[in-house]
Amino acid sequence: MKIKVTDTIYYIGVNDRRKELFENIWPLPNGVSYNSYLIRDEKTALLDTVEAGASGEAFLGMVEEALDGKELDYLIINHMELDHAGEIAAVVRRWPNVQIVGNAKTFKVLKGYYGIESNLMEVCDGAELNLGHHNLKFVFTPWVHWPETMMTYCTTEKVLFSADAFGTFGTLDGTIFDDEIDFEVYREEMRRYYSNIVGKYSNMVQKAFAKLAGVDIKMICPLHGPVWRTNPGRVVELYDRWSKYIARDGVVIIYASMYGNTAEMADHIARKVAEAGVHKIKVHDVSKTHISYLISDIWKYQGVILGSCAYNAEMFPLMEQLTRELQHMGVKNKYLGLFGSYSWNGGGVRNLQSFAEAIGWEMVAPAADLFGTPTPEKLAACDAIAEGMATKLLSK
Ligand code: FEO
């Protein structure tokens, strides 16, 4: 079945509903799509492939169908991560004369994975390739999301092939284009994809935006998720906000608790935040909710309140994992509150405070570190955190 983006650009994507974890770490309850595109012109060009085995033999068949008897002249590699580069060797076997278009970094990895060193057309930033009607311009966008990543912009049809940028988790269940989908079904998964996969490179996303400033973009064809053929501005606005760390005026409270004392503190703080007038609140148990969703909610809300019991004189291990990942990602522009409880010498809150110093978020109040059962008297120590957070969020 041919799926047309325009009269001469074909969508050749596949849905992956079998994989449990993207990159073997991020859950895929709604699956993911790998998108590829074919331009049929005087010369033909395939833009990226899909993950090996995701479609069985179907991918090459779909390319052949779109080619409709023509040869494949070019394979343009915008991104070498294997969720898109997985069928390159199969494409080269099927069309041995195909010219592979990429940059120097692309070709280094191409050789490393597939040993391919011939029929290469190396392009520089801003280089152009004319297919007949379609004129393609290559825009290097390093670290969105690997160092070799580039985008391809069709100057004739104003279509941007954006690689991972503007992508999302979630399969395309019959609805492929943005004017066909229920946007709300994808919104949460878009942010989870952004924060988990691309978020670390938010400054590079902003550099890519600067490079594309003033470019007339009528459609965006990403490597995951819907094709934005009607309202690409919608996804551009979201990516712009996320990469600037612009978040909602709400708070996510994430706690680690072995026997319920730190959990009780979390619920107390949540209620106090609500009483203070902030009603966008989400509370997570770090042992229950996968870190993927915790990171996504931290991107969603400007307020972050973290709590940990002491565990072997340290933070609880899963809270330590979360804070380490947040530091690794360099997440910015958050208000922070800290709390926890202990039985002997503490360690949960003490190590959370070290995290706070390292990441540099603005503390809204002194940390609350409670000994033993959080009685009503002791819980009053948490009130300043709730009040401080509410004051910051409501005064924005
Ligand atoms: Fe969808 Fe960076 O690969």
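Where do the two domains meet? In this predicted model, 14 residues of domain 1 are in contact with 12 residues of domain 2, contact being heavy atoms within 4.5 Å. Domain 1 covers 2-243 and domain 2 covers 251-395, with bounds that come from an automatic or database domain assignment. Taken over C-alpha atoms, their centres are 39 Å apart.

Now look inside. The largest nonpolar core has 112 residues, and Leu306, Met319 and Leu322 touch the most other members. Such a core is a set of buried Ala, Val, Leu, Ile, Met, Phe, Trp, Tyr and Cys residues joined through side-chain atoms within 4.5 Å; buried means under 20% relative accessible area, exposed over 50%, and partly exposed in between (1.4 Å probe, protein chains only). Helix H5 (residues 183-198) gives the most to this core, 7 residues; helices (H or I, at least four residues) and strands (E, at least two) are DSSP runs, numbered from the N terminus. Both domain 1 and domain 2 give residues to the core, so it lies between them.

Zoom in on Met319: setting aside neighbours within four places in sequence, its contacts include Ile254, Tyr255, Val286, Leu306 and Leu352. There's also a second, separate core of 24 residues, with Tyr335, Phe339, Val364 and Leu393 among them.

Another methionine, Met258, sits in the loop between strand S17 (248-256) and helix H8 (261-275). Met258 is partly exposed, with a relative accessible area of 41%.

A word on conventions: residues are numbered from 1 along each chain as its sequence is written. Local features need pLDDT of at least 70, side-chain atom pairs count only at pLDDT 80 or more, totals for chains, interfaces and linings use all residues, and side-chain values use heavy atoms, leaving out hydrogens and water.
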